[in-house]
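Subject: Structure handover

Dear colleague,

I am passing the structure below on to you. My notes on what was found in it follow.

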Amino acid sequence: MARELAAVVGDAVPAVLESDLLRDGLGAERWFDCLIAEIPNQLVGYALMCKAFEAHTGKKRLWLGDLYVRPVARRSGAGSALMTTIARHALELGCHAVYWELWRMNVAGAAFYGKLMAEEVADLAVMRLDKDHLTAIAAGHSASM
């Protein structure tokens with residue numbers, strides 16, 4: 001699915017090997033956590049995230065590196081389920097926000113994140129959900145999901 005995401009955003013095919021993903025996601029020195037969305041017998045999406053700490057504020061946050069749902073599963077609730085799980089995980093870790101980058105040409109992604117009340121933080125389209133919105137999403141209270 002990482003290759004599919006790369007094709008969607010016009011990036012080169014990822015050079016990462018399966019062994020690298022296993023080491024970095026499941027090894028002794030994990031760099032990321034990964035969630036998957038599935039329907040019976042089929043993987044339909046994933047979210048890759050890692051912890052971040054802001055020394056100047058003393059606050060914890062999650063960085064969402066990738067969120068991808070295959071076209072066949074869009075509007076199925078898979079993306080919302082991934083974001084709900086991410087919000088809950090962030091709150092369990094004591095995070096004040098979740099941040100990510102949004103490719104400006106990703107109209108569908110922008111619409112999805114907008115429904116979650118995510119806001120653009122900078123010219124790079126770094127997005128975040130503050131703690132209040134994480135709490136609402138984790139509790140399943142977002143009317144747009």
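A salt bridge here is a side-chain nitrogen of Lys or Arg within 4 Å of a carboxyl oxygen of Asp or Glu. By that criterion the structure, which is a predicted model, holds six salt bridges.

Salt bridges

One of them joins the side chains of Arg-70 and Glu-4, with an N to O distance of 2.9 Å. Arg-70 sits in the loop between strand 3 (59–69) and helix 3 (78–92), while Glu-4 belongs to helix 1 (residues 2–9), so this pair ties together parts that are 66 residues apart in sequence. Glu-4 is partly exposed, at 29% relative accessibility.

Arg-30 and Asp-33 form another, and their closest N and O atoms are 2.0 Å apart. Buried means under 20% relative accessible area; Asp-33 has 17% and therefore counts as buried.

In the salt bridge between Glu-119 and Arg-128, the closest N and O atoms lie 2.9 Å apart. Both partners are partly exposed: the relative accessible area is 37% for Glu-119 and 26% for Arg-128. Finally, Asp-20, Arg-23 and Asp-24 are linked in a network of salt bridges.

In soluble globular proteins, nonpolar side chains tend to be buried together. The largest nonpolar core in this model has 27 residues, and Leu-64, Met-83, Ile-86, Val-98, Trp-100, Tyr-113 and Leu-129 have the most contacts inside it. At least two residues of this core come from each of strand 2 (42–54), strand 3, helix 3, strand 4 (97–101), strand 6 (126–130) and helix 5 (131–138). Helix 3 gives the most, with six residues.

Apart from this core lies another, of six residues, including Leu-5, Val-9, Phe-32 and Tyr-68.

Which residues does Leu-129 contact, leaving aside its neighbours within four places in sequence? Among them are Met-83, Val-98, Trp-100, Leu-116, Leu-134 and Ile-137. His-96, Ala-97, Met-117 and Ala-118 are also in contact with Leu-129.

Strands 3 and 4

Strand 4 is mostly covered, with four of its five residues buried. Strand 4 pairs with strand 3 in the parallel sense, over four bridges. Leu-64 has Trp-100, in strand 4, as its bridge partner. From strand 3 the chain passes through helix 3 to strand 4, and this β-α-β crossover is right-handed.

Regards

Notes
Residues are numbered from 1 along each chain as its sequence is written. This is a predicted model: local features need pLDDT of at least 70, side-chain atom pairs count only at pLDDT 80 or more; totals for chains, interfaces and linings use all residues. Side-chain values use heavy atoms; hydrogens and water are left out. Buried means under 20% relative accessible area, exposed over 50%, partly exposed in between (1.4 Å probe, protein chains only). A nonpolar core is a set of buried Ala, Val, Leu, Ile, Met, Phe, Trp, Tyr and Cys residues joined through side-chain atoms within 4.5 Å. Contact means heavy atoms within 4.5 Å. Two strands pair if DSSP finds at least two bridges between them. A crossover is right-handed if, with the strands pointing away from the viewer, the path from the first strand over the helix to the second runs clockwise.
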